[in-house]
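Here is a short briefing to read with the model open beside you. Take a look at the structure first, and then we can walk through the sheet, the overall fold and the ligands.

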Amino acid sequence: MMEIQKDMDAEGTHILARQKTKEREIVLDYDYKKCAGCSICVALCPKKALQEGPLQEIAKGLDAPPVLIDLDACAFCGMCVNFCPMKAFKMTVRERQAQEAAEAAGPSEGQA
Ligand code: SF4
Ligand code: SF4
């Protein structure tokens with residue numbers, strides 16, 4: 001069975017959603033400062049993983065992301081990356097080395 005790990009954190013104005021498998025790590029990087037809040041991505045996400053943030057408050061000056069990501073729902077398909085007119089989403093894929101994959105599998109392997 002293929003194991004999939006997901007996590008999410010924030011770095012400055014970037015929300016970083018990660019999906020890791022034994023073979024690769026995919027990072028979906030959403031820079032909310034580039035986001036115009038047009039909601040195209042919200043409408044087209046096939047997993048309904050995106051929803052609008054507090055757009056009215058943001059329009060009045062609140063510093064918050066216009067789009068919220070549901071990490072559990074996201075399939076890392078990249079559609080939001082391809083269709084965002086502001087290029088607010090970026091996706092990187094990194095193949096993991098065999099050694100790294102073995103470490104990620106954890107010490108439980110081989111234990112009785
Ligand atoms: S498509 Fe791009 S600019 Fe529009 S709401 Fe989504 S991330 Fe923001
Ligand atoms: S990567 Fe795909 S599933 Fe995830 S938020 Fe973007 S469009 Fe939705």
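Which residue is the bridge partner of V27 in β6? In β6, V27 is partnered by T92. This is a predicted model, in which local features need pLDDT of at least 70 and side-chain atom pairs count only at pLDDT 80 or more, while totals for chains, interfaces and linings use all residues. Residues are numbered from 1 along each chain as its sequence is written, with chains lettered from A and ligands numbered from 1 in the order in which they are written.

**The sheet**

- Four strands make up an open sheet, ordered β1-β2-β3-β6, with antiparallel pairing; strands count as paired if DSSP finds at least two bridges between them.
- Its edge strands are β1 (5-11) and β6 (89-95), each of which pairs on one side only.
- From one strand to the next, the twist averages 15 degrees, where axes are lines fitted to C-alpha atoms and angles run from 0 to 180 degrees between N-to-C directions.
- Strand β3 (residues 24-31) is joined to β6 by seven bridges, and the two run antiparallel.
- I26 has V93 as its bridge partner in β6.
- Strand β2 (residues 14-20) pairs with β3 over seven bridges, also in the antiparallel sense.
- A hairpin of three residues links β2 to β3, and H14 stands opposite D31 in β3.

**The chain as a whole**

- The chain holds four helices and six strands, taken as DSSP runs numbered from the N terminus (helices: H or I, at least four residues; strands: E, at least two).
- Along the sequence, the pattern reads β-β-β-α-β-α-β-α-β-α.
- The C-alpha trace spans about 60 × 25 × 20 Å along its principal axes.
- Of the chain's 112 residues, 17% count as buried (20 or more other C-beta atoms within 10 Å of the residue's own, with C-beta atoms placed from the backbone).
- Among contacts with a separation of 6 or more, 55% come from residues 24 or more positions apart; a contact means C-beta atoms, placed from the backbone, within 7 Å.

**The two ligands**

- Ligand 1 is surrounded by 13 residues, the closest being C35, C38, C41, C84 and A88; a residue is near a molecule if its C-beta atom, placed from the backbone, lies within 6 Å of it.
- The shell around ligand 1 divides into 11 nonpolar, two polar and no charged residues (nonpolar: Ala, Val, Leu, Ile, Met, Phe, Trp, Tyr, Cys and Pro; charged: Asp, Glu, Lys and Arg; polar: the others, Gly among them).
- Ligand 2 also has 13 residues around it, and C45, C74, C77, M79 and C80 are the closest.
- The shell of ligand 2 comprises 11 nonpolar residues, one polar and one charged.

Technical notes. Buried ≥ 20, exposed ≤ 12 C-beta atoms within 10 Å, placed from the backbone. Contact = placed C-beta atoms within 7 Å.
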